[in-house]
Amino acid sequence: ENVWMGVDQPAVQLVVNRNTLDAYAASEQWKEFKLAYQYLLGDADEDGVLSISDLNIMIDIILGLRKEYPEQTDMDGNGIIDIADVNLIIDSILHLREYTYIIVTPNTSDAIIINNFDIAPGETREIELLLNNNEACTDIQCDIVMPQGLEIVKATTTNRCESHTIASTTSDALTRILCYSIAGQRITGNNGAVIKLTVKASSELSSESTITVSNIALADASRPALFAAASTATVNNTSGIDEVHDAQVLSVRYYNVAGIEASEPFSGINIVVTTYSNGTTSTTKIIK
């Protein structure tokens, strides 16, 4: 018995999940309908979330490294993938009104972390966002939740990401950061700082607080997106002067304005990073 007798099936659109589209098209009961599948606009890798991986794919398409892609990649619907789509996916990932969270099981041991540090009210200091990656990585994203009394003032790339751009937005205590290369250049090395964060403390900072780094995605054209587990860092409300004076200096690194590192100071402006035996670091600026 034809349960659809009297129904103009070709005129009726039936929206299904993309993964079941072929099954519906082969079914005698459903194949005559106008079949369409659901998708998330901008979800170029079709994993159900908008992340840095989708941006990575769009850049590869623009660079001519990828020829085939699902229709939802074309976010502005003009028939081509171009910088306008890149801008739209960045805005979609960052958008304050529609914050999306990556709710997936971590599938990598790679990590983005911040080391514990001390800071006093009124003090501004530089901390590092460290990427420890066994897998090749081109683009990254993460959310950083700051405790009350601590704010991110500025974010800059390190020499591991010389060709990369940072995009970020903040809502209350949460800052979402994207670090991507429009030229498709991979992040160099397998461990160390990728982003330097300038943070400032106020009198509202408690004696011991926590920074959380979460919603971590790592993208590369060679594989599907990797999602890393969240990490935390402890922030102590203290200048740490006594502790630093009691500790031994383990290393002193000098960086010029181009981010090049050396064991001796450069001529001109130097950022001096001193590492102590108690695990703390201090950052100062000198001119030689």
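Colleague: Why does Trp30 count as partly exposed?

Modeller: Trp30 has 24% relative accessibility. Buried means under 20% relative accessible area, exposed means over 50%, and partly exposed lies in between (1.4 Å probe, protein chains only). The value falls in the middle class, so Trp30 is partly exposed. Trp4 also has 24% relative accessibility and therefore counts as partly exposed.

Colleague: What should I keep in mind about the model?

Modeller: It is a predicted model: local features need pLDDT of at least 70, side-chain atom pairs count only at pLDDT 80 or more, and totals for chains, interfaces and linings use all residues. Residues are numbered from 1 along each chain as its sequence is written, and side-chain values use heavy atoms, leaving out hydrogens and water.

Colleague: How many aromatic pairs are there?

Modeller: The count is four. Rings of Phe, Tyr and Trp (its six-membered ring) pair if their centres lie within 6.5 Å; planes under 30 degrees apart are stacked, over 60 edge-to-face, and the rest tilted. Helices (H or I, at least four residues) and strands (E, at least two) are DSSP runs numbered from the N terminus.

Colleague: And why is the pair of Trp30 and Phe33 called tilted?

Modeller: The ring centres are 5.9 Å apart and the planes stand at 40°, so the pair is neither stacked nor edge-to-face, but tilted. Ring pairs join Trp4, Tyr24, Trp30 and Phe33 into a cluster. Phe33 has a relative accessible area of 9%, so Phe33 is buried.

Colleague: What makes Lys196 count as sitting over the ring of Tyr255?

Modeller: The rule asks for NZ of Lys or CZ of Arg within 6 Å of the ring centre and within 35 degrees of the ring normal. The charged end of Lys196 sits over the Tyr255 ring, 5.3 Å from its centre.

Colleague: How do you know whether Ser181 is buried or exposed?

Modeller: Ser181 has a relative accessible area of 0%, so Ser181 is buried. Ser181 is found in the loop between strand 9 and strand 10 (193–201). Its side chain reaches the backbone nitrogen of Gln185 at 2.9 Å. Leaving aside neighbours within four places in sequence, Ser181 is in contact (heavy atoms within 4.5 Å) with Ile59, Asp139, Ser163 and His164.

Colleague: Ile59 belongs to the buried residues of helix 2. What makes helix 2 mostly covered?

Modeller: Of the 11 residues in helix 2 (residues 52–62), 10 are buried. What covers the buried residues includes helix 3 (83–94), strand 6 (139–145) and strand 9 (174–180). Just after helix 2, Gly64 takes a positive phi of about 80°.

Colleague: How does the radius of gyration of the whole protein stand against a compact globule?

Modeller: The radius is taken over C-alpha atoms, and the globule rule is 2.2 Å times the number of residues to the power 0.38. For 288 residues a compact globule would have a radius near 19 Å, but the protein has 24 Å. The C-alpha trace spans about 90 × 40 × 30 Å along its principal axes.

How values were computed. Polar contact = N/O pair within 3.5 Å; in protein donor to acceptor, adjacent residues only side chain to side chain.
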